[in-house]
Amino acid sequence: MAFIDEMIAKAKADKKTIVLPEYMDHRTWEAAVKIVKEGVANIVILATPEQAAEHGKDYDTNGITVIDPATDPNRQKYIDKFCELRAKKGLTPEDAEKQMMADYMYYACLMCKCGDADGVVSGACHSTGNTIRPALQLLKTKPGISSVSGFFVVEVPNCEYGENGRFVFADCAVNTDFDGAKLAEIAGLSAESFKSFIGAEPKVAMLSYSSYGSAKHDDVTKVQEGVKIAHEKFPEVALDGELQLDAALDPTVAALKAPESPVAGKANTLVFPSLEAGNIGYKLVQRLAKANAYGPVLQGLSMPVNDLSRGCFADDIVGVVAMTAVQAQMAK
Ligand code: ACO
């Protein structure tokens with residue numbers, strides 16, 4: 001079974017409520033119809049009656065819950081929660097209301113925070129930054145986690161590497177500044193994500209252009225520090241580095257470059273040394289190897305909120321909603 005079909009089957013087994021704030025995009029409605037028909041999740045779309053009538057007119061919206069933030073009886077509860085969460089920033093009720101009404105992503109996150117929804121999927125027509133900023137501000141990280149990061153499940157057809165061609169790649173989406181501690185945290189979260197989503201033991205390679213000190217540069221030192229911290233924090237995880245990508249994946253190269261490594265030649269969880277490397281890396285594999293890349297899925301956030309590519313199809317939204325619902329199941 002393809003990875004995404006496994007996610008859809010899992011999501012159906014214990015239906016969660018996912019909010020889609022982008023009423024203005026036809027792919028939201030198309031995906032919502034499919035999700036509700038197939039019983040993948042309960043769907044809430046945020047829209048006024050006029051917005052729903054205009055953008056949803058070509059779709060059978062039976063079974064989709066449309067909430068109008070302007071008349072929602074929960075609105076005051078969300079304003080109060082917004083002010084409470086942003087009290088240190090001096091947010092006034094007037095500004096909270098304005099922000100929530102101008103950007104439904106805030107409204108959707110507040111629904112989650114107040115227990116009225118289990119997750120949010122957005123980003124078909126908003127940038128990654130604008131999609132995830134409200135989640136970072138309102139939902140915050142899980143206890144003990146300092147940074148949210150973004151991973152992809154990459155499924156490469158006819159591939160002998162990884163877990164039968166399946167990998168987790170991170171961070172491909174969020175952090176622009178990396179140091180050793182952040183790399184170590186991303187490695188720990190990615191190992192957990194691999195185990196939860198792929199259901200196998202993670203073997204984490206912390207990638208570089210150097211293997212075991214073959215090159216000397218601050219960039220290499222940063223990854224080496226990350227490996228050291230990760231070993232201390234997650235001694236139970238099979239993790240190694242710094243490794244070049246070929247040494248991480250290919251047993252023949254691993255035998256030459258890192259023969260003693262417990263991970264080299266069999267890595268299935270790839271931690272990239274920078275956002276450029278991670279973002280470009282997953283797109284290269286997706287385009288050139290015709291791989292499926294599911295994500296970015298946010299890890300380390302207290303509740304599941306996930307971003308979409310602006311080039312996504314309605315079926316991609318169905319997939320990300322299924323993964324978000326599965327994250328919500330895991331959180332319970
Ligand atoms: N983890 C947890 N919290 C964070 C993180 C993080 N990684 N980054 C920022 N925050 C919090 C901050 O602490 C702050 O909280 P506060 O308001 O309560 O103090 C809030 O989020 C806003 O932080 P800013 O520093 O103002 O950050 P900004 O809004 O400028 O940016 C963002 C944060 C959006 C994540 C930024 O780092 C970003 O744009 N990253 C790159 C996203 C991107 O373009 N990715 C590539 C495309 S994705 C793709 O191709 C699949």
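Among the residues considered here, Ala, Val, Leu, Ile, Met, Phe, Trp, Tyr, Cys and Pro count as nonpolar, Asp, Glu, Lys and Arg as charged, and the others, Gly among them, as polar. The views below all show a predicted model.

**View 1. The shell of residues around the ligand.** In this predicted model, the ligand is surrounded by 20 residues, and the closest of them are Arg86, Arg133, Lys140, Val148 and Ala173. When the residues of this shell are sorted by the classes given above, eight are nonpolar, seven are polar and five are charged. Both domains take part, since domain 1 (3-140 + 302-331) and domain 2 (149-292) each supply at least three residues to the shell around the ligand.

View 2. A nitrogen atom of the ligand lies 2.7 Å from a backbone N or O atom of Val148, and a polar backbone atom of Ala173 is found 2.8 Å from a nitrogen atom of the ligand. For Val174, the distance from a polar backbone atom to a nitrogen atom of the ligand is 2.9 Å. Taken on its own, the ligand has 1000 Å² of accessible area, and the protein covers 63% of this area. Two elements, helix 7 (128-138) and helix 12 (275-288), are the ones that give two or more residues to the shell around the ligand, and helix 7 gives the most, with six residues.

**View 3. Helix 6, a mostly covered helix.** Helix 6 spans residues 104-113, and nine of its 10 residues are buried. The buried residues in helix 6 are Tyr104, Met105, Tyr106, Tyr107, Ala108, Cys109, Leu110, Met111 and Cys112. At the start of helix 6, the backbone nitrogen of Met105, which is itself a buried residue, has a side-chain oxygen of Asp103 within 3.0 Å of it. Helix 6 is followed by Gly115, a residue with a positive phi, near 80 degrees.

View 4. The protein is divided into domain 1, made up of residues 3-140 + 302-331, and domain 2, made up of residues 149-292. The C-alpha centres of domain 1 and domain 2 are 31 Å apart, and where the two domains meet, 10 residues of domain 1 are in contact with eight residues of domain 2. This view can be read together with the first, where each of domain 1 and domain 2 gives at least three residues to the shell around the ligand.

Technical notes:
Residues are numbered from 1 along each chain as its sequence is written. This is a predicted model: local features need pLDDT of at least 70, side-chain atom pairs count only at pLDDT 80 or more; totals for chains, interfaces and linings use all residues. Side-chain values use heavy atoms; hydrogens and water are left out. A residue is near a molecule or strand if one of its heavy atoms lies within 4 Å of it. A polar contact is a pair of N or O atoms within 3.5 Å; within protein, one must be able to donate a hydrogen and the other to accept it, and residues adjacent in sequence count only if both atoms are side-chain atoms. Accessible areas come from the Shrake-Rupley method with a 1.4 Å probe; for residues, only the protein chains shown count as cover. Helices (H or I, at least four residues) and strands (E, at least two) are DSSP runs, numbered from the N terminus. Domain bounds come from an automatic or database domain assignment. Buried means under 20% relative accessible area, exposed over 50%, partly exposed in between (1.4 Å probe, protein chains only). Contact means heavy atoms within 4.5 Å.
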